[in-house]
Amino acid sequence: MYPQQVLEEVRTQNDIVDVISEYLPLKQKGTSYFGLCPFHNEKTPSFSVSSERQFYYCFGCGAAGNVFTFIMQMENDTFPEAVKRLADRVHMTLPEPQYTAEAKAQQQQRQRLFAMHKEAGRFFYQKLHEPMGTQARAYLQKRQIKENIQKKFGIGYAPNDRQGLYHYLQQKGFSQEELQKSGLIVERKDGKDYFDRFRNRLMFPILDIQGRVIGFGGRILAQGEPKYLNSPETLLFNKSRNLYGLNFAKNTRKREMILVEGYMDMISVYQAGFRNVAASLGTAFNQEHAKVLKKYADSVILLYDSDDAGTMAAQRAITVLVQNGFQVKVLQVPDGKDPDEFIKQNGAQAFSQLLAKAVHYITFQIQCLKKKYDLNEMTQKVAFTTQAAEILAKLENDIEKAVYITEISRMTGIAQSAIESETTKIRQKEEKTFYENAQEKRQKEFARQKTAKIISSKGILQAQRDILFLCASNFQIYQKMKEVFFSKDFLEPVYQRAYEKIAFLYEKNGTVFPAELINYFQQPEEQRMITEIFAVVSKHATAKDMEKALNEEIRKVKKANLDRLAAEAKSVEQIQQLLMEKRKADSLYITITDG
């Protein structure tokens, strides 16, 4: 844990809009910014970033927090790691952190898992070069992977032994609990023993951006399924947040990335001398991949297989990449070959010439679209042009748009002015829909919160949030509140702490800034709960309405807490005392308006 003044300095030097804009495009509306949420799939924007209050809130999935929370969620960082990352971003030197017991335990667990994966990598690499690795070495020779490249990527072999790695890691001093958390071993169905997850497979260590082994991918060498097997989700590994080879690609300092589909394609392209290459890990390219990639590239060449599956995968990846502000080109290897095959047959020079022929993603999409229609038939020509206009409407550059409109007009014989008019209508409709959906989601969320108050438990939660919001927003209200409402009156421990921190911040600063309050909470769920206090607030027509609602909420929370204490009471005397307190709560009323 770092001192609060250090955390606040790091936070204030990292404007949340600037930081989040490095991961996803945002559109401004007033003092807020909106974009597609990076934490769940959506087509219309629910993700709101407040420039004024320096926090974000998603009206779709509830993700919320300040700049530290965002980095923790995006980078899978611990709180201290997020602080360090943001300090480095603004070239700020940090003092040595003072870890809490919980944070220290988690940090130690991560370090043990890193050490275990490093040992597993050594084990697999060693087995590749023993007699048992003959078949795996023959496969690599057939695929023409040079020995220096095998070594650089740490390629290994998992022997066809049920407990080879299991016993090896035990001998290295790793406990049963640590082994279970690593994902490298699997418990038998009867729960009596464990066996290695990877057996008789060519092994590809998966490294994080810092070059640490966080998981493995294994290609089977015999008959069987699955052909490729990845490590499961662990404290270290998430296949939706990691790209194979990105740790090497980032070192090229090129802002253009070649994106391929698999391990062998990535290694073959790299071996041919094209070092700015990475691959997704057996899963479709997604929003989280794009956020990671955005830090190291501005443009992408999609190099997927030219079969139907590869074409569909490229189309999906284009949507994600464009949404995240990348310049995108697409290259499909001719004759249905994959990149690995092409390089082996034609060499690096021919591959370099092929890369130069990568086309703008719009050209690729129109080519794919054209295959679906017969442009000699009138209705199909109209349908093609209408869909092409939807594609062109997404272009920001007017010159590019004009070039493509001219080309579509030439292909179809439809006037350029008609096509341009259609793209303009589509664009205006999309812009209107963007802001209307954002506003609608705000209203729906408020309505949902209001309806939820009818339900006791949710009503209590909202009442606690409303009390905290009014206390944090108005010092005069807090001054009156503190005389009759105490931290122990809150049912949620997080809200008890928040009330205490509000008092501390008033004493320290004379005001409560939402993003600074969030600093005092390290766990993402706690940060989300604190952000919700300010993100979705009850509306009141007049100050008198607000006063009435506040008093109702004070009584509601106090009585709910007293009911909880009564259920836990050990004696009749305690229950009688709590009943007296409850009667006092019934008559409690504070005045915050004049007259």
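This is a predicted model: local features need pLDDT of at least 70, side-chain atom pairs count only at pLDDT 80 or more; totals for chains, interfaces and linings use all residues.

Trainee: At what angle do helix H15 and helix H17 pack, and how far apart are their axes?

Mentor: Helix H15, residues 361-370, packs against helix H17, residues 398-412, at an angle of about 20 degrees, and their axes are 12 Å apart. Because angles under 35 degrees count as roughly parallel, H15 is roughly parallel to H17. The crossing in which H15 passes H17 is right-handed.

Trainee: How are H5 and H8 oriented to each other?

Mentor: The axes of helix H5, residues 101-128, and helix H8, residues 164-171, cross at roughly 125 degrees and come within 10 Å, and the two helices are therefore oblique to each other. H5 passes H8 in a right-handed crossing. On the H5 side the contact is made by Met 116, Glu 119, Ala 120, Arg 122, Phe 123 and Phe 124, and on the H8 side by Gly 164, Leu 165, Tyr 168 and Leu 169. Seven nonpolar, one polar and two charged residues make up this contact of H5 with H8.

Trainee: How many residues of helix H12 are buried, and what caps its N-terminal end?

Mentor: Helix H12, residues 287-294, is mostly covered, with seven of its eight residues buried; among them are Gln 287, His 289 and the lysines Lys 291 and Lys 294. The N-terminal end of H12 is capped by Asn 286, which places a side-chain oxygen 3.0 Å from the backbone nitrogen of Glu 288.

Trainee: Is Gln 527 buried or exposed, and what does its side chain contact?

Mentor: Gln 527, found in helix H23, residues 524-535, has a relative accessible area of 0% and is buried. Its side chain makes a polar contact of 2.9 Å with the side chain of Thr 69, and a polar atom of the Gln 527 side chain also lies 2.8 Å from the backbone oxygen of Phe 521. Beyond its neighbours within four places in sequence, Gln 527 is in contact with residues including Ala 64, Gly 65, Met 72, Phe 79 and Ile 518.

Note on methods:
Residues are numbered from 1 along each chain as its sequence is written. Side-chain values use heavy atoms; hydrogens and water are left out. Axes are lines fitted to C-alpha atoms, for helices over the stretch in contact, and angles run from 0 to 180 degrees between N-to-C directions. Helices (H or I, at least four residues) and strands (E, at least two) are DSSP runs, numbered from the N terminus. Angles under 35 degrees count as roughly parallel, over 145 as roughly antiparallel, 65 to 115 as roughly perpendicular and the rest as oblique. A crossing is left-handed if the near helix is turned anticlockwise from the far one by less than a right angle, and right-handed if clockwise. Buried means under 20% relative accessible area, exposed over 50%, partly exposed in between (1.4 Å probe, protein chains only). A polar contact is a pair of N or O atoms within 3.5 Å; within protein, one must be able to donate a hydrogen and the other to accept it, and residues adjacent in sequence count only if both atoms are side-chain atoms. Contact means heavy atoms within 4.5 Å. Ala, Val, Leu, Ile, Met, Phe, Trp, Tyr, Cys and Pro count as nonpolar, Asp, Glu, Lys and Arg as charged, and the others, Gly among them, as polar.
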